[in-house]
Amino acid sequence: METEEIAIDPVCGMKVKVATAKNTTQHDGHTYYFCNPKCLVKFTGEPEKYLKPQPAEALPPAAPPGTIFTCPMHPEVRQVGPGSCPLCGMALEPAEVTLDQGPNEELVDFTRRLWIGGALAVPVVALDMGGHLFGFHAGSTTRLIEMLFATPVVLWAGWPFFVRGVQSVQRWSLNMFTLIALGTGTAWLYSVVATFIGGTVYFESAAMIVVLTLVGQVLELRARDATSGAIRGLLGLAPKTALKVGASGRDDEVAIDTIVVGNLLRVRPGEKVPVDGVLTEGSGSVDESTITGEAMPAMKEAGDKVIAGTVNQSGSFVMKAEKVGADTMLARIVKMVSEAQRSRAPIQRLADQVAGWFVPLVVASALLAAAAWTLWGPEPRFTHALLAAVSVLIIACPCALGLATPMSIMVGVGRGAALGILIRNAEALERLEKVDTLVIDKTGTLTVGRPEIAEVTGGMETMRLAASLERGSEHPIARAILAFAQDRKLAVAPVSDFRSHAGRGVSGTVEGKHLLLGNARLLKDNGVDLGTFSRPVMLAIDGKLAGTIAFDDPIKETTAAALADLRKDGVRIVMLTGDNRRTAEKVATQLGIDEFEAEVLPEDKAKTVQRLRAEGRIVAMAGDGINDAPALAAADVGIAMGTGTDIAIESAGITLVKGDLAAIVRARRLSRATMANIRQNLFFAFVYNAAGVPIAAGVLYPVMGLLLSPIVAAAAMALSSVSVIGNALRLRKSAI
């Protein structure tokens with residue numbers, strides 16, 4: 001019989017009969033056969049891909065060498081490389097989340113231990129339950145079988161708990177693993193001895209304690225992975241490449257990390273903005289919802305700023321890169337969220353203090369329970385004493401207490417990031433709900449921050465000299481003056497001896513003339529005679545008043561409604577501004593603000609905040625400029641507008657990405673929801689342990705004949721952790 005010739009489909013690997021093949025092609029002098037037309041099409045499109053297949057990519061390491069690891073419960077613990085926390089015994093995890101980070105090694109390891117340990121524990125429990133249900137006596141053979149199955153569960157699946165338990169004693173930092181190691185180790189050792197000398201064994205208790213503890217650990221690790229999802233989502237927003245506009249006008253695709261400040265980049269419809277920058281030509285409708293939380297796309301034209309990671313929905317534009325790499329808003333958001341999720345709220349100190357003496361107290365309670373059962377309990381006394389001691393050790397594990405605050409903080413901070421509310425640390429989040437006074441800057445906070453020139457005296461020469469003086473400044477007023485001069489094609493001149501007078505104005509020399517441009521205080525302090533004349537911005541040339549400039553800065557659309565909501569919430573509003581009194585009074589009247597101070601210097605803003613705090617007020621300060629930084633740092637909670645300066649953002653505990661005051665209202669709701677969640681978790685953990693220990697010790701036995709099984713104690717311990725985790729995760733869906 002003649003053997004049929006068989007070929008292998010290079011795409012799918014299927015066998016194909018050469019004689020009857022209908023899908024074939026020639027490539028480099030060879031004939032290839034395919035099982036169906038789809039494989040043929042794939043091959044003809046990319047033949048080299050299938051003829052020289054690439055090796056499968058290995059999973060990335062959990063973290064590259066040199067990575068800093070930290071404890072999720074104790075962020076002050078930091079070291080290079082993985083390990084376990086010396087305080088609580090938990091596995092350390094990378095301090096910063098990255099997209100190329102591999103799977104959580106501890107989660108993979110514990111999941112494997114759970115599945116194998118669970119499978120081995122089933123026959124142990126079945127044998128033990130069979131004896132209770134069917135009344136057969138557990139003989140030496142049954143005890144040996146239970147030991148053979150339970151031993152790998154305890155000594156292999158539960159090995160990490162013993163390692164951490166021993167370390168906790170060596171470092172005298174007793175924690176939940178101290179109790180688990182003591183409980184399971186005692187039950188297993190006693191059972192091994194009883195197996196050979198005869199007696200009751202508790203292999204099923206030791207095995208199930210390990211399995212149920214692993215269940216709690218795996219659920220906790222998965223929840224912690226979920227809380228970093230917000231960070232990974234933000235990291236995924238950044239594109240990997242960008243279109244760089246060359247000197248000849250040609251567009252070249254380049255890697256994102258090769259872009260430098262000043263590069264011109266083209267963004268087409270549907271593409272992501274690669275870095276932070278400003279439009280130089282064209283226009284587009286940009287979806288900024290992923291960064292600011294604003295659902296409606298924003299129209300961007302020449303001169304408008306764009307943020308890395310946002311999406312150009314329509315139109316095409318060229319932008320100039322202003323911030324790249326770690327300096328982009330997206331990168332700073334990722335860093336801020338990551339650090340905040342690991343920060344500690346003051347309320348956590350209570351849990352830490354309790355945990356410090358809780359474990360020794362539990363060990364003492366277990367010993368007392370064992371002694372009481374040994375002295376006064378019914379027969380078999382030692383068996384009852386062992387069960388009570390192990391149950392107390394297991395049910396009192398303070399894992400729920402340790403998770404109560406960090407889980408809520410991690411979820412709350414992640415939720416805030418999704419809403420465009422960046423929280424620098426947990427302390428700011430905790431304090432925000434208690435704030436009763438909001439001190440607020442005017443320009444860029446209450447108003448748009450892009451003043452427009454409304455009136456000029458002194459003619460175009462005044463504006464030309466003013467523009468020359470302001471050409472190196474980034475102040476909103478400077479930008480308005482420069483835009484005015486550019487529109488009218490005024491020829492600006494070089495400036496020398498330039499000085500910025502914080503909160504008052506600027507000075508310098510232009511074309512041999514000494515210029516002062518600023519408010520009345522600046523001019524008066526320099527000997528300029530103003531008489532009774534005063535305008536927001538005035539120009540003096542060689543000591544004499546030469547002209548004035550009046551501005552109009554529109555109030556943000558959402559400001560009035562946001563202030564109304566804050567007043568309803570009992571928040572006292574105080575406006576501070578460096579502007580003149582007339583402008584300040586106009587804005588205050590429009591917004592119904594009764595308390596305000598005008599012509600305030602930066603240091604005076606900080607003094608006002610300190611005075612209000614001295615009166616017993618809990619003060620939040622909202623601002624966006626360099627001049628607001630001292631006050632932001634002095635406040636109980638500093639709130640920076642994301643559209644403001646870097647110094648303001650660095651000085652604040654909370655940053656509103658969009659620079660919208662309505663986000664303050666949302667931030668307060670988030671603070672309340674998070675703190676309520678933490679209190680619920682702590683209350684549950686305290687009540688659970690307070691009630692669980694005496695029940696496990698056997699306090700109900702004289703009344704109800706009830707003695708808690710170690711398995712039930714382990715299930716209750718795992719359930720307490722799951723309850724805390726589940727309650728914290730509710731924050732992701734709560735109404736803010």
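## Exercises on salt bridges and cores

Arginine 464 is buried, with a relative accessible area of 14%. Here, buried stands for under 20% relative accessible area, exposed for over 50%, and partly exposed for what lies in between (1.4 Å probe, protein chains only).

Before you start: this is a predicted model, in which local features need pLDDT of at least 70 and side-chain atom pairs count only at pLDDT 80 or more, while totals for chains, interfaces and linings use all residues. Residues are numbered from 1 along each chain as its sequence is written, and side-chain values use heavy atoms, with hydrogens and water left out.

**Exercise 1.** Work out which parts of the chain are tied together by aspartate 436 and arginine 617.

*Solution.* 
- Step 1: These two residues form a salt bridge, with their closest N and O atoms 3.6 Å apart.
- Step 2: Aspartate 436 sits in the loop between H14 and strand S18 (437-441), and arginine 617 in the loop between helix H20 (602-614) and strand S27 (619-623), so the pair ties together parts 181 residues apart in sequence.
- Step 3: Aspartate 436 is partly exposed at 21% relative accessibility, and arginine 617 is partly exposed at 26%.

**Exercise 2.** Explore the largest nonpolar core and the contacts of phenylalanine 161.

*Solution.* 
- Step 1: A nonpolar core is a set of buried Ala, Val, Leu, Ile, Met, Phe, Trp, Tyr and Cys residues joined through side-chain atoms within 4.5 Å.
- Step 2: The largest one has 61 residues, and Phe161, Phe203, Leu214, Val362 and Val392 touch the most other members. Helix H7 (residues 203-227) contributes the most, with 11 residues.
- Step 3: Contact means heavy atoms within 4.5 Å. Setting aside neighbours within four places in sequence, the contacts of phenylalanine 161 include Phe110, Phe177, Val210 and Leu214.
- Step 4: A second, separate core has 44 residues, among them Ile409, Leu563, Phe596 and Ile664.

Notes. Helices (H or I, at least four residues) and strands (E, at least two) are DSSP runs, numbered from the N terminus. A salt bridge is a side-chain nitrogen of Lys or Arg within 4 Å of a carboxyl oxygen of Asp or Glu.
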